[in-house]
Structure formats: structure tokens, C-alpha cells
Amino acid sequence: MTADLRNAKSFLFYQTEHPRPVLDRAEGIYMWDQDGNRFIDGSSGAMVCNIGHSNPHVLDAMRRQMEKSTFGYRLHFVTEASESLAAKMCEHAWPGMDRVFFVSGGSEAVESAMKLARQHAVATGQGSRWKVISRWPSYHGCTLGALAVTGYDALTDPFTPMMQVMPKVPAPTAWLDGLDPDDPATGAHYAAMLEAKIIEEGPETVLAFLVEPVGGASTGALVPPKGYMEAVREICTRHGVLLIHDEVMSGGGRLGTLYGGRNWNAAPDIMAVSKGFGAGYVPLGAIVARGDLVEAVLAKGGFLHGFTYAGNPLACAAGLAVIEEIERQGMMQNSLSTGALLKAELVKLMDRFPFIGDVRGMGMLLAFEIVADRKTRAPLAPTVKAFDRIVEAAYRRGLIVYSRRSRGGYSGDHILVAPPMITTPAQVGEIMERLTGALAEFAAETGL
Ligand code: PLP
């Protein structure tokens with residue numbers, strides 16, 4: 001059975017033109033529809049199902065929690081589940097980042113991070129600071145606050161009258177700009193744009209800088225150039241600007257660390273997490289913040305913010321079991337080793353398909369860019385519908401990959417390949433066979 005998503009009773013944010021089968025069950029990296037067709041979850045949903053589907057330890061933990069209680073309102077109870085998960089999350093965070101505020105998703109986490117930053121400014125006599133600088137392109141969520149810091153015109157334009165659009169600086173797209181990402185001058189070049197923007201806006205008005213350690217859907221697994229993260233940290237500190245890492249997609253272990261930003265020696269002040277922490281088992285998100293920052297806010301009347309489902313015991317029990325499984329099965333190490341193998345295989349595709357302009361990413365957060373010309377990096381015309389066709393050709397072969405039109409949403413295509421962290425080398429082979437077939441079909445149809 002297939003369903004035309006355009007007519008489904010429950011409607012979607014993304015109107016795919018193609019019918020989709022009805023999901024029956026999922027296990028490990030595989031998903032089956034009701035007709036028994038098997039799909040490889042090559043993008044972990046939307047970089048969510050990091051530990052694979054139907055993990056027995058997580059299901060057990062959820063069952064046990066459900067039998068005890070499924071809800072305890074935050075103002076009435078602390079739960080063992082929420083406290084244990086918060087402690088585990090802090091164990092992996094930078095020293096001093098020892099407070100957690102739970103929410104249910106990524107947009108909520110980004111909103112919460114910005115509101116905590118604002119309340120901290122007010123609490124510490126810096127009420128003139130309210131601007132959150134972010135990058136273009138970027139995606140930070142779909143609520144109006146998170147959208148205001150999102151650099152993705154197609155998504156933001158219709159809503160601009162409804163929100164205070166925040167200042168943006170260019171994302172460090174070294175490849176696209178023809179710069180060497182390993183040259184420290186490149187990192188310094190993009191970081192200098194942040195400093196210039198802070199000065200242009202007036203440092204006394206700038207509250208925070210929001211950045212994804214490794215870019216997700218908007219930039220296609222963009223790894224920061226050498227020195228960028230450290231320079232950004234230094235600039236923020238010097239201007240009294242808080243640094244917020246959006247770890248919604250880069251967190252959860254696929255970069256080899258529970259928080260992707262830990263790959264650089266540049267601690268943020270607040271982190272927003274979601275996707276991989278609930279890992280597709282439950283809606284879960286959080287901010288992890290410097291304790292002194294939280295204390296300052298709590299001392300001045302409290303954090304004026306909160307969601308009814310925050311800290312839900314079922315979500316927290318699942319989230320704790322997810323991290324326990326990541327640790328027990330060494331999934332972060334696997335993400336690095338199998339991710340390196342997968343990346344090497346993607347790089348090999350460049351020999352066969354001249355329209356692959358770049359392969360990038362780290363661990364199990366990888367992407368390749370589709371171009372008209374590898375030398376000039378010119379994108380294909382949107383009318384070619386490259387990402388749509390490649391994704392569909394892969395889907396027909398039983399491989400799910402994820403893509404967005406990059407470079408702000410209107411020119412350029414990339415495909416994200418980010419299977420669960422439990423993927424084996426043999427399964428990399430299965431992914432590559434299907435992906436190569438899809439690319440060969442696209443090449444034959446377009447003559448590229
Ligand atoms: N931030 C980043 C980096 C994301 O990739 C996303 C979702 O894709 C979000 C925030 C928003 O998360 P959610 O869709 O859970 O609200």
C-alpha cells in the first residue's frame with residue numbers, strides 16, 4: 001500500500017510529489033513497508049535515529065518507565081529519569097556546563113538557548129544586548145524565534161513581518177568560495193566577518209552568536225575550516241557575546257563525541273540538543289548550559305520559560321538508555337571508523353561522476369555536493385531537480401538519503417548520507433551499491 005502524501009489526513013511540512021509506502025516496522029538500519037519492501041535508513045530519518053531502530057535496551061527502559069509513570073509535571077516532581085539523564089549529559093559536556101533544561105525538540109531547544117542567554121544578560125545588567133547573530137545559510141528550527149536566526153530565505157521570507165530577523169554572517173563555506181579549509185588564514189577570514197558584524201551592530205547590543213559545529217541540512221555537513229571555532233570563541237569572549245552551539249544535528253555521537261563541538265578546543269556557553277538524544281524513540285531536546293549562567297538567571301526570579309512536556313519521564317528514560325547504548329556498544333568510535341570508510345567510498349564516486357563537486361563531513365555526518373562544473377563550483381539549474389531525482393532514484397532502490405537545496409535554499413544541491421552509527425562495513429557496501437545505481441541513473445537521464 002502506498003499513500004499520496006499530498007492527500008494524507010495528517011499533513012506534512014514538506015510536500016513530496018511522490019507517493020510513499022506505509023511504514024510497518026524497523027530494526028537496526030533497516031525499515032520495512034507494509035508490502036515487505038526493505039529500505040536502508042541511510043539518513044537516520046533526518047539524522048535522528050542515530051543508534052538504529054528498535055534497540056532492545058532502549059525499548060526495555062521505556063517499558064519499565066511506562067509501568068512506573070509516564071508523566072510527572074515539572075513543578076510537582078523531579079524524576080529519577082530526568083535527573084539521571086541530566087547527569088549523564090553533563091558528564092559528556094565541557095567542565096562547568098552542568099545544568100540541563102529539558103524540552104521536546106530542536107526548535108524548542110534553540111528558542112530556549114536564546115531566551116536563557118537574554119535573561120542572563122538582563123540579570124547581569126546587560127539589558128542592551130538582544131541580537132543573536134547566526135550564519136547564512138543555516139537552519140535552526142521552524143518556530144518564529146528559531147526562524148529569525150535561520151539563514152534560509154525560502155523558509156523565512158513569508159514570515160519576516162512576524163519576527164525580528166536577526167543579523168547573519170556568511171557560513172565558512174571554504175569549498176564554495178575556493179579557499180583551502182586547512183589553511184588557518186581561511187578560518188581567520190570567516191571569523192573576522194563575525195567580528196566585523198559585531199562591531200557594525202554595536203557590541204553592546206549583541207547577545208550571542210549561534211553556530212552549528214558541523215553544519216547539517218543547510219550547508220550539507222560543512223566542517224569548519226582550521227582555526228574557525230577557536231577564533232569565534234575568542235571573538236565572542238572579547239566582546240562579551242555568549243556562544244551558543246546548535247548541536248541539534250551534530251550532537252548525539254555521530255561526530256565521535258556526544259557533542260560534536262567537542263572536536264574543537266572552544267567551549268560554548270550554551271548548547272541546544274535534540275534529534276540524536278531521543279534517537280527516534282521519543283521527542284526529546286534540551287539545553288545544556290554553564291552553571292553560573294543558570295544561577296544568575298535563577299537568582300533573579302527564574303527562567304521565564306518552559307514547556308508542559310519538558311522533562312517527561314518516559315522521554316528521559318529513553319534518552320538515558322540511548323546514551324548508555326552509545327557508550328556500551330562503542331558507537332561513537334564506530335561512527336568515526338565506519339564513517340571514514342563511507343567517506344572514502346563517496347570520494348571514489350568523484351572519479352565516475354563529474355557532477356559530484358565535493359565530498360565533506362566527519363564521522364557519520366557526510367554529504368556530497370552536486371554541481372554543473374567542478375572547477376567553477378557552479379550549481380546545476382534548479383530545473384534539473386538534481387537532489388529530488390537522486391533521492392527518488394535511491395528510494396526506488398531501497399535507500400533513503402536526505403537532501404536539501406543548499407546555499408540558502410535556492411541554488412545548489414547536496415545529498416546527506418548519515419546512516420545510524422551502528423552501520424557495519426558490509427552495510428556500507430549495501431549503501432554504496434544502491435547510491436551508485438541511483439547516481440548512474442541520474443547521469444544516464446541527464447547526460448551529465
Ligand atoms: N537546529 C538544527 C541544526 C536542525 O538541523 C534542526 C532540524 O533539522 C533544528 C534545529 C530544529 O529541530 P526540530 O525539527 O526538532 O524542531
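Colleague: At roughly what angle do the axes of H4 and helix H10 cross, and within what distance do they come?

Modeller: A note on the source comes before that. This is a predicted model, in which local features need pLDDT of at least 70, side-chain atom pairs count only at pLDDT 80 or more, and totals for chains, interfaces and linings use all residues. Residues are numbered from 1 along each chain as its sequence is written. Helices (H or I, at least four residues) and strands (E, at least two) are DSSP runs, numbered from the N terminus. Axes are lines fitted to C-alpha atoms, for helices over the stretch in contact, and angles run from 0 to 180 degrees between N-to-C directions. Here the axes of H4 and H10 (residues 291–299) come within 9 Å and cross at roughly 65°.

Colleague: What orientation of H4 to H10 follows from that angle?

Modeller: Angles under 35 degrees count as roughly parallel, over 145 as roughly antiparallel, 65 to 115 as roughly perpendicular and the rest as oblique. H4 is therefore roughly perpendicular to H10. Their crossing is left-handed, a term used if the near helix is turned anticlockwise from the far one by less than a right angle, with right-handed meaning clockwise.

Colleague: Which residues make the contact between H4 and H10?

Modeller: Two residues are in contact if their C-beta atoms, placed from the backbone, lie within 7 Å. H4 contributes Leu116, Gln119, His120 and Ala123, and H10 contributes Leu293, Ala296 and Val297. For classes, Ala, Val, Leu, Ile, Met, Phe, Trp, Tyr, Cys and Pro count as nonpolar, Asp, Glu, Lys and Arg as charged, and the others, Gly among them, as polar. The contact of H4 with H10 then has 5 nonpolar, 2 polar and no charged residues.

Colleague: How is H2 oriented to H11?

Modeller: The axes of H2 (residues 56–68) and H11 (residues 313–328) come within 8 Å and cross at roughly 155°, so H2 is roughly antiparallel to H11. Their crossing is right-handed. Residues in the contact include Ala61 and Met62 of H2, and Ala317 and Ala318 of H11. By class it has 11 nonpolar, 2 polar and 2 charged residues.

Colleague: And what is the orientation of H7 to H8?

Modeller: The axes of H7 (residues 184–201) and H8 (residues 228–238) cross at roughly 25° and come within 8 Å, so H7 is roughly parallel to H8. This crossing is right-handed. Among the residues that meet are Ala191 and Leu194 in H7, and Val232 and Ile235 in H8.

Colleague: Into which domains is the protein divided?

Modeller: Domain bounds come from an automatic or database domain assignment. Domain 1 covers 2–54 + 330–446, and domain 2 covers 57–328. Their C-alpha centres lie 25 Å apart. The contact takes 33 residues from domain 1 and 34 residues from domain 2. On the domain 1 side, the elements that each supply at least two residues include helix H12 (331–352) and strand S13 (356–362).
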